[in-house]
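Good morning. I will walk through a few local features of this structure, one at a time. Please have the sequence and the model open.

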Amino acid sequence: MEYEIVIGLEVHSELSTKSKIFCSCTTEFGGEVNTHTCPICTGMPGVLPVLNKKVVEYAVKAGLASNCKIAEYSKQDRKNYFYPDLPKAYQISQYDLPLCYEGYIDIEVDDVQKRIGITRIHIEEDAGKLMHDEWETGSLVDYNRGGVPLIEIVSEPDLRSAQEVKAYLENLKAILEYINVSDCKMQEGSLRADVNLSVRPKGQKEFGTRTEMKNLNSFKAIIRAIEGESARQIEVIKSGGVIVQETRRWDDNKGVSYAMRSKEEAHDYRYFPDPDLMPIVVDEKWKEEIKNSLPELPEARKKRYISEFSLPHYDASILTSSKVLADFFEEAVAKSKNAKAVSNWIMGDLLRILKEKEMEIEEIPFPADYLAKLIELIEKGIISGTIAKKVFVQMFDERKDPGVIVKEKGLEVISDESAISGIILKVLENNPKSIEDYKNGKEKAFGFLVGQVMRETKGKADPKIINKLLKTELDK
Amino acid sequence: MELYDLSVHEMSDLIKSKKISSVELTQVILDRIKKVDGEIGSYITVLEESAIKRAREVQDKIDKGETNSPLAGIPVAFKDNICTEGIKTTCASKMLDNFIPPYNATVSHKLFLEDTVLVGKLNMDEFAMGGSTENSFHKLTKNPWDTKRVPGGSSGGAAASVAAGLAAFALGSDTGGSIRQPASFCGVVGMKPTYGAVSRYGLVAFASSLDQIGPISKNVSDCALILNAITGYDLNDSTSANVNYPDYTKSLQNDVKGLKIGIPKEYITQGINDEVKKAVLDGVKVLENLGAKCEEFSLPITEYAIPAYYLISSAEASSNLARYDGIKYGFRAEKFTDLSDLYRQTRSEGFGTEVKRRIMLGTYALSSGYYDEYYNKALQVRTLIKKGFSDAFEKYDAVLGPTAPTTAYKIGEKSEDPLEMYLGDIYTASVNIAGLPGLSIPCGMDSNNLPIGMQIIGKPFDESTLLRIGYTFEKNTEFHKNRAKI
């Protein structure tokens, strides 16, 4: 029997507001342990939360960018549970009246378009971080992250494969980056996902029993967790077992999941409206203001690249998948006017080198106008395409202006005919056998001789001139 | 009359006219504390050295003419659930016995700016849960009028200290009657302001939607003066009200002519001590004779106020007190096996019986499956109680009745029966539920020479009318001049 995987995601994204959600502490990542804290975010007796207005604005932005409706009236609730990283022993979140609801994001997998429903987006506060000291018996808590604002984006169970999940997450990440509400740095924990997954025989309408895997913090881990957990569930069903509704922990190193707690053991969070906070009201005027402040979103930008720059669909998708990359592309195009060439350099050499060096797009070391300059050097015939590839590598490694690199290393194309013919004569003198071969009709010998000239000139000689002069010389 | 028996106004006049310095006055209060607080037990912390130091600084400002606060140099004390930077704030709990706040409550800061002199921190029921101050981890506080009796609670230390001349005035907190009832038991004036009128920032939360800080003083004029200093919008408290706060001393007028005052029948029929009832009705007559129009009316929802109050306050408390887990500050059990055992042992040992009872009650009320039946139902009752009062205020300028059904009872008399104790909140709790201001003033003495309190309830942010009625009553009666003989 064939099985279908059904997945819903809960994505937590840290908002990039300057200060925390209920106090004025900085949200900056890192910092000495427990230095980005105050009586409020460490839950001292007597303190009160005051909602950061920016958090509401950012969450509404995220909602509008993912086609959500915005609640005119929403409230904040306490989610009660004990854990050392939660200083008040409750998390201020939103329960039954979230800020945004009923939205969607479009994705594309293997050229098939699909709409993924967004159930809701709500705001809440992040917890601190437990640090387990291996040499001591106890653990320590760092509250720097406590009170950093989060949005939780809950999808409908509309996803059917790891590929769809990947596409959804990439689109979501791109949207959040575009609207500048989150830096989405997974390695810093600013984007994390809980995966709700069930399987069912293909064609069956009812959902199977689902499990939840919490706090997956890389795309790769999410994909592997989906593959591992769906295989486990199918195996259980095939061998006559039943899936238990439970929370599982995905061990990405071992590639297996472990049961953490069953539905019966699940926390009763005793949600109730936080009496320390007033209802959140987003009136039509404010909503419109936020709407008008939204930038061009990835989908629109992709369409524009296809029509404005005549880029292939695939290239446009890749370039717009990251705001940083798309901005880099447009900056280079603005200077060089050759969109196709810029796109090719980015799609080819740039992304390849980033991948080889395991660097993020945010880490592109040189400014976009260097790429424009490089393309200009080729267009003006100052350097050859082959040399350009070498200049590119150096430009990447040393963050140097390509013009300077070319000058310093004397990489300009040699188009002085007298200089080239001198080298040709020298090459011919050293290769009498090849001359003979050529004269006997062996075309390969010509290519060999061209190569020798190129070698002598370290690739800088204009190949057209070599061809012309060599031919003249041999045919004498 | 001794110096410590004077009102804030009188003390202030002496200081302003240089007849006495703040240092001398503070020393008088400290000496008085040394002499009688061993018996009364109103203080948890006495700031002997720092109070004198502070009084010197303030006196220096007074001498240089750098302050014109009517409270300058006045020795004051706070209930021990109001945070004071660098000064222990224990909530009368083992859980916070070693807790020194790194910040000041907004009211602490405001009274500091008014150049008052903080003398110490006052005893209370643990986390303000109780009506007799018997639930303190530290000690019992005794009623200055009869030391075999309770001072009321939870602000028992605050009321007893003012009644015994151990502080010129005190700040208490009131969640279901915790300022007004002890004020009534100790024969002093206690005001619970409108919810949102005084910032809760730095008040250790018991029930966030009900808690309110307020003054306990020797008379209504002092109450107005203190309200001027502590009310106001505070950006640090989202529930603080951004409205215009009047000069409350302007409402100190000896005139109630034409004021319409309603007396809820339900407040003077069942469960009320006869002497209390008589004193309150005599009080009503005094006001009537001065031209107020008083009549009885029905406030039918009264009987549901107590259950609604205990559900809402305990539900909020169960969440508010969850942070005392032994991780970050305060008490931590010495022996535990793992994390959940650390929580269990710490909370079992750190909290007293009454606090644990309410945490359990509140946790239950919020649990899935019971939420609608208890917590939600209580919120519905809350809406009805609010409605009952707002209907009444269509007809009346103020509502008047007893503060508590009895006078001060004997220590130990009710401590074994929490339900009996809870019924003592019958006239006060609904005022918190509706978020209204309530003023308790002395209106008589019972046959045991114990003070009786009368409560005046007002429209939201209409403290002025309450002060006006209270002031007029004082000007025409002598009860506020009674002092406990201790």
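Before the first stop, one term: helices and strands here are DSSP runs, numbered from the N terminus, a helix having at least four residues and a strand at least two. Keep in mind too that this is a predicted model.

With that, go to chain B and find the loop between strand S3 (117-122) and helix H5 (156-163), where B:Ser154 is found. The peptide bond leading from B:Gly153 into B:Ser154 is cis, and its omega is near 5 degrees. Most peptide bonds are trans, and most residues other than glycine have a negative phi.

A:Ala89 is not a glycine, yet its phi is positive, near 65 degrees. Where is A:Ala89 found? Look in the loop between strand S4 (77-80) and strand S5 (90-93) of chain A.

Now the helix pairs. In chain B, take helix H9 (residues 305-320) and helix H12 (residues 372-395): their axes come within 9 Å and cross at roughly 125 degrees. That angle makes H9(B) oblique to H12(B). As for handedness, this crossing is left-handed. On the H9(B) side the contact includes B:Leu311, B:Ile312 and B:Glu316, and on the H12(B) side it includes B:Tyr374, B:Tyr375 and B:Arg382.

Chain A has a pair to set beside it. Helix H5 (residues 298-309) and helix H6 (residues 313-320) of chain A have axes that come within 9 Å and cross at roughly 140 degrees. Angles over 145 degrees would count as roughly antiparallel, so H5(A) and H6(A) are oblique to each other. Left-handed or right-handed? The crossing of H5(A) and H6(A) is right-handed. Among the residues that meet are A:Arg301 and A:Tyr305 in H5(A), and A:His313 and A:Leu319 in H6(A).

Staying in chain A, move to helix H4 (residues 284-293). A:Glu284 and A:Lys287 both lie in this helix, three residues apart, which is about one turn. Their side chains meet in a salt bridge, with 3.9 Å from N to O. Over all chains, a search of the whole structure finds 64 salt bridges.

Last stop, the surface. A:Val33, A:Met131 and A:Leu140 form a nonpolar patch there, and together they have about 250 Å² of accessible area. One of these three, A:Leu140, lies in strand S9 (residues 139-142) of chain A.

That is the end of the tour.

Terms used:
Residues are numbered from 1 along each chain as its sequence is written. Chains are lettered from A and ligands numbered from 1 in the order in which they are written. This is a predicted model: local features need pLDDT of at least 70, side-chain atom pairs count only at pLDDT 80 or more; totals for chains, interfaces and linings use all residues. Side-chain values use heavy atoms; hydrogens and water are left out. Patches are made of residues with over 30% relative accessible area and no salt bridge: like charges are joined within 9 Å, nonpolar side chains (Val, Leu, Ile, Met, Phe, Trp, Tyr) within 5 Å. Accessible areas come from the Shrake-Rupley method with a 1.4 Å probe; for residues, only the protein chains shown count as cover. A salt bridge is a side-chain nitrogen of Lys or Arg within 4 Å of a carboxyl oxygen of Asp or Glu. Axes are lines fitted to C-alpha atoms, for helices over the stretch in contact, and angles run from 0 to 180 degrees between N-to-C directions. Angles under 35 degrees count as roughly parallel, over 145 as roughly antiparallel, 65 to 115 as roughly perpendicular and the rest as oblique. A crossing is left-handed if the near helix is turned anticlockwise from the far one by less than a right angle, and right-handed if clockwise. Contact means heavy atoms within 4.5 Å.
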